[in-house]
Amino acid sequence: MSNKFLYGAAMALVLTACSGGAAPKSASSDAPPPGKGKAFDHDPFPSTYKPYPGVPTAIVHATVYDGEGGRIENGTVLLADGKVVGVGGADLAIPAGAKLIEGKGKWVTPGIIDVHSHLGDYPSPGVEAHSDGNEATAPVTAQVWAEHSVWPQDPGFSRALANGGVTTLQILPGSANLFGGRSVTLKNVYARTVQGMKFPGAPYGLKMACGENPKRVYGGKGREPSTRMGNVAVDRQTWIKATEYKRKWDKYEEKGGEPPSRDVAMDTLRGVLDGEILVHNHCYRADEMGIVLDMAKEFGYKVTAFHHAVEAYKIADLLKANGTCAAVWANWYGFKMESYDGIPENLAILHNAGACVMIHSDDQNGIQRLNQEVAKALASGRRAGFQISDEQAWTWLAIAPAKALGIADKTGSLKPGKMGDVVLWNGNPLSVYTRPEKVWVDGAMLYDAYDPKLRPVSDFELGQPGEGDVK
Amino acid sequence: MTRSTLLRSVGGALCAALSFSSLPALAETIAITGGTVAIGDGSQPIENGTVVIANGRIVAAGAGVAVPASATVIDATGKWVSPGIVAGVSTLGVMEGYGMSEVNDLSAAKSPFSAALDISTAVNPNGQRIGTERSAGITRAFVIPSTGNTMFAGQGAVIDLGTDPDPVTRPRAFQYIELGEEGMHAAGGSRPAAYALLKAALGAAANPASADFVSKDALITRQDAEALAPVLRGTQPLLVHVERASDIRSVLALKKQYPALKLVLVGATEGWMVANEIASARVPVIAAALIDLPEKFESIAATQSNVGRLAKAGVTVAISNADISEGPYESFLPQYAGNLVALTRMPGAQGLDWGAALASITSKPAAAIGMDGEIGSLRAGRRADVVVWDGDPLELASHPTAIFIDGVAQPTVSRQTRLRDRYLDPVEKALPKAYER
């Protein structure tokens, strides 16, 4: 905590120095260049999230899935100072004074990470006044940031925590646009401001979309794009602009001179071209993913993950070769033409091919049952003949989405030194009869099924029928 | 009998079914032995039970049931046997996808008709969704139209998901009406507008001779009024979609003015707040399963314990997969039912025991529309919709190994399994994938 404050103070000094002296409005060509990536603040809405206090805790006698494919029977997980400090078998020494949590017959896993959510941007109640997820006024809106739409009082966060065991989630803009805008990664902890929920140090994402949605939304308005080829044409024109923008700013930052004009949309795309912002691309069909992968090569960026990707199984080898992940549902299919070929073995086929794959929800109800989605995908895979263990399947909820969000060094598995984001399940979490019993975020117990005081109630639900009820 | 024998016998029955799809398979006598049998009527599962099917109906199910000498025996040792799942609110057969208006017969906003619309005329048994959902153990569905030009959506149908060409079990099985947030929009903008039109429409149905069907001020067509006559008489159930506690009370009050109405509440997310009133009115509920978010202002008090609390109050309660956003998948029903069992282990929550949970997706939806003598359980005389599962039917890993509808073996393959088999290894071989089948 103190380190974070020191870092923040240091940044503030740097920024003051920048705006106060090094880059005045009328910078002349003899001003020293600011240096790559340093001409302006890349984090103007910084995280103010602070871990809540926890107590040194030892969960004992539980079955442990570490989130990276490991499993320990009769295992022990130790938490202290907000971190995982030990994971092992019954022989692991328990520090004196640690609060003991009996886990016999129960399971311990890392907190679930949902790489695709719209909580806060499309909150409950879903009234028109809350429709803040798609800036559907132009096909390229890279300038919008999802965090500026997040309503931190969305009751959905509490359900995702208590029923879903979700501790981290990425909030994405919708898929109406080719370039939907910046995503934000949150800790699933209520706060008064979105900054208070922002995952410290998580990189930004850029939401892109291919396929039916952009062409339907803008074709319906009689403008480009109205076809899939129109989608790709607008994409490429935009990347050409972004490349030019990046060239100008790189030149200025490295060599100095007159600063180019700022453009909020282009800032984000430059961040992608610099590898600082990760691309999360809504795409259903295999052939379209193939086009996008080549477009990424053309402009020198990487697609971190295709989302939804119901036909990813058809190109598992191509995804693996490109190092691009697929974030998928277990068995959604046939709800629109581009999802017609969805199959429940999608996840397992990708896993078997060695591709990076994970579960996602894209849904305020589904986010409460991501463990069940994994159980279904796993069972379908096994029926198709793939040998996948339960603990391997848990990577689809843990380390795989952590990697896709660029936070695998901080959370996503039970490894000493990582954030104490942990779920204690009241049974086998791949059974329909199991629910989270306790959830810790950064070592603080923020949900306990046995303690109604540890049941978060958003401002919206306060004073309403059903306030504080089990949900 | 070993697993492979089971597969062969089911395969044989399947070939027969496909070769003579409308004729002799019905007459076949089948005994499914050795499995854990769940009747679907709310009772707990019976180990080492037997289910006997003849002439497309259940003859007997349970422990100690004799196997007729003529029966084809299917060994279900280590497996579970249950009635087929009944989807209480469904779009199967009339909608292939939301983004495809070309294959969507749910609503007709530009039609002059509403209550008269008969969804049974649109059901296509060859749609991909029917085959896929059937292979997950869904055998019957209540196909429900959506509102168009009024809050009357029209007449729904009960269908089977079999491969036979006639999917309709009961056409015009019920009338469907929206009287909550969706209803106010469809009726012109408010709940009072919906109730005013409802009163006018039922008035016209009661006295068609004195109703105005011809002037430009006519509120309803003659055909719509005629369609509402059986609702008024109570010979056709009226399914009413409402969520809010106060809306539920308004609907229950209709019984005072129209005592013959056979009301069924659909949705009823805040039903737990008025559970005793619903119970004493003897109105069954097809509840939206697992809704626990105030996604609308009419469902502010949503909780997954709604179903359990309604059942505890004595309400006949089924669950549907409607109004939950995880896709329109009837195959999620066993998972939702299983979640209700999970609630029984959560402090402060109210769930269902296993037998009641299975009943909520089999006999209870059937009972809600007065068809539990016909479908939804393995009790003697019911249509032989039977599923053999490789495990507990409510568990996430379980899947059907054999499916019978009206006693006829159904394929367990679907378009999805065909795609799976083509792409188990995604890489092309000697010829393009288009040649692999």
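What pLDDT does chain A average? The answer is 94, and 94% of the residues in chain A score at least 70. That score matters here since you're looking at a predicted model. Among the elements of chain A, helix H1 (residues 2-22) has the lowest mean pLDDT, at 38, while strand S14 (residues 422-425) has the highest, at 99. Over residues 1-27 of chain A the pLDDT is below 50, and beyond near neighbours in sequence, this stretch has 14 contacts in the model.

Now let's zoom in on one residue of chain A. Find helix H4 (residues 228-255) of chain A, and you'll find Trp249(A) in it. Is Trp249(A) buried or exposed? Trp249(A) has 23 other C-beta atoms within 10 Å, and a residue counts as buried when there are 20 or more, so Trp249(A) is buried. Who are its partners? Leaving aside neighbours within four places in sequence, Trp249(A) is in contact with Ala39(A), Pro260(A) and Arg270(A). For a sense of scale, pick out Phe179(A) too: Phe179(A) and Trp249(A) are 70 residues apart along the chain, and their C-alpha atoms are separated by 21 Å.

Next, look at where the two chains meet. Here 50 residues of chain A are in contact with 47 residues of chain B. On the chain B side, the elements giving two or more residues are helix H2 (128-135), helix H9 (333-342) and helix H12 (415-423) of chain B. Which of them gives the most? That's H9(B), with five residues. Sort this side of chain B by class and you get 24 nonpolar, 14 polar and nine charged residues.

Stay with chain B and trace its open sheet of eight strands. The order is S6-S7-S8-S9-S10-S11-S12-S13, and the pairing is mixed. Strand S6 (85-90) and strand S13 (317-320) of chain B each have a single partner strand, so they stand at the edges, with one side of each left without a neighbour in the sheet. If you ignore direction, neighbouring strands of this sheet are turned by 25° against each other on average.

For one residue pair to look for, Ser90(B) has Val143(B), in S7(B), as its bridge partner. Finally, helix H6 (residues 245-257) of chain B lies across strand S10 (238-242) and strand S11 (263-267) of chain B, and runs at about 165° to S11(B).

Methods: Residues numbered from 1 in each chain as written. Chains lettered and ligands numbered in written order. Predicted model: local features only at pLDDT ≥ 70, side-chain atom pairs only at ≥ 80, totals over all residues. pLDDT = per-residue confidence, 0-100. Helix = DSSP H or I, 4+ residues; strand = E, 2+ residues; numbered from the N terminus. Contact = placed C-beta atoms within 7 Å. Buried ≥ 20, exposed ≤ 12 C-beta atoms within 10 Å, placed from the backbone. Nonpolar A, V, L, I, M, F, W, Y, C, P; charged D, E, K, R; others polar. Pairing = 2+ DSSP bridges. Axes fitted to C-alpha atoms, helices over the stretch in contact; angles between N-to-C directions.
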